[in-house]
Amino acid sequence: MFIQTEATPNPATLKFIPGRPVLDSGTMEFTDRDSATRSPLAERLFGVPGVTGVFYGSDFVTVTKDDSDWQHLKPAILGVIMEHYMSGAPLLADGQVADGDAPHAEEFFSEADTETVAVIKDLLETRIRPAVASDGGDITFRGFKDGIVYLDMKGSCAGCPSSTATLKHGIQNLLKHFIPDVVEVRPM
């Protein structure tokens, strides 16, 4: 098994591509060891000293580190991922589902803004999320109020030094171009 690695715009995050599907749909983010109990692979990755975050996409695993050196962490992480896939163990613990499959109970917007929100979500799905996934992250809609779009940044996007530029110059400009009601984009 050969696992590719790719740098991301976030220097604290590295993208690992095992050459096989990771999640059938949606994404999953683990920000600490306790949340990782949902996934045997994430639990083992948090066992590597220096790992502070794990994110699953459709065909990649993104790992975030503390101030440790990638030169020391990368071989251990590659070993954990390879052992997991070679063992045939499930990615998720019994009965667990990916975050993208969970209901969007955390979303907020006025009923009067339903059409605007539908356009925002469509643009996120078709134009923004694929580009962000290529960098090892994800951006999801959280809400819309008073012309402000609230987004949740995950994976390599969370804590990335260039995330503010991505939000303000990329996503905000795109949404404002297509949707006159949008005045600003903010992270949650």
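The following dialogue explains how several descriptions of this predicted model are reached.

Reader: What makes residues 114-134 a helix, and how does the reach of α3 compare with what is expected?
Author: Helices are DSSP runs of H or I with at least four residues, strands are runs of E with at least two, and both are numbered from the N terminus. Helix α3 has 21 residues. The expected span is 1.5 Å times one less than the number of residues.

Reader: How do you know where α3 bends?
Author: The bend at a residue is the angle between axes fitted to the seven residues ending there and the seven starting there. At isoleucine 128 this angle is about 45 degrees, and proline 130 follows within four residues. Beyond the helix comes glycine 136, whose phi is positive, near 85 degrees.

Reader: Why is the contact between arginine 129 and glutamate 125 called a salt bridge?
Author: The term requires a side-chain nitrogen of Lys or Arg within 4 Å of a carboxyl oxygen of Asp or Glu. For arginine 129 and glutamate 125 the N to O distance is 2.4 Å, so the pair meets the definition. Both residues lie in α3, 4 residues apart, about one turn of the helix. An α-helix has 3.6 residues a turn, so residues three or four places apart point the same way.

Reader: Are aspartate 138 and glutamate 125 called buried or partly exposed, and why?
Author: Buried means under 20% relative accessible area, exposed means over 50%, and partly exposed lies in between (1.4 Å probe, protein chains only). Aspartate 138 has 2%, so the residue is buried. Glutamate 125 has 45% and is therefore partly exposed. Arginine 129 is among the buried residues of α3, a list including Ile120, Leu124 and Ile128.

Reader: Why is the pair of phenylalanine 55 and phenylalanine 60 called tilted?
Author: Rings of Phe, Tyr and Trp (its six-membered ring) pair if their centres lie within 6.5 Å; planes under 30 degrees apart count as stacked, over 60 as edge-to-face and the rest as tilted. A search of the whole structure finds 4 aromatic pairs. The rings of phenylalanine 55 and phenylalanine 60 have centres 6.1 Å apart and planes at 35 degrees, so the pair is tilted. Both phenylalanine 55 and phenylalanine 60 are buried. Phenylalanine 108 and tyrosine 150 are also a tilted pair, at 5.4 Å centre to centre and 50 degrees between the planes. That pair links distant parts of the chain, with phenylalanine 108 in strand β6 and tyrosine 150 in strand β8, 42 residues apart.

Reader: How do you know that the charge of lysine 15 sits over a ring?
Author: The criterion is NZ of Lys or CZ of Arg within 6 Å of the ring centre and within 35 degrees of the ring normal. The charged end of lysine 15 sits over the ring of phenylalanine 60, 4.7 Å from its centre.

Reader: What makes β2 and β4 partners of β5?
Author: Two strands pair if DSSP finds at least two bridges between them. Strand β2 (residues 13-17) pairs with β5 in the antiparallel sense over 4 bridges, and 5 bridges join β4 (residues 51-56) to β5, also antiparallel. Valine 63 in β5 is the bridge partner of leucine 14 and stands opposite valine 54. A hairpin of 4 residues joins β4 to β5.

Reader: Why is β5 described as mostly covered?
Author: In strand β5 (residues 61-65), 5 of its 5 residues are buried. Val61, Val63 and Lys65 point one way, and Thr62 and Thr64 the other way.

Key: Residues numbered from 1 in each chain as written. Predicted model: local features only at pLDDT ≥ 70, side-chain atom pairs only at ≥ 80, totals over all residues. Heavy atoms only, no water.
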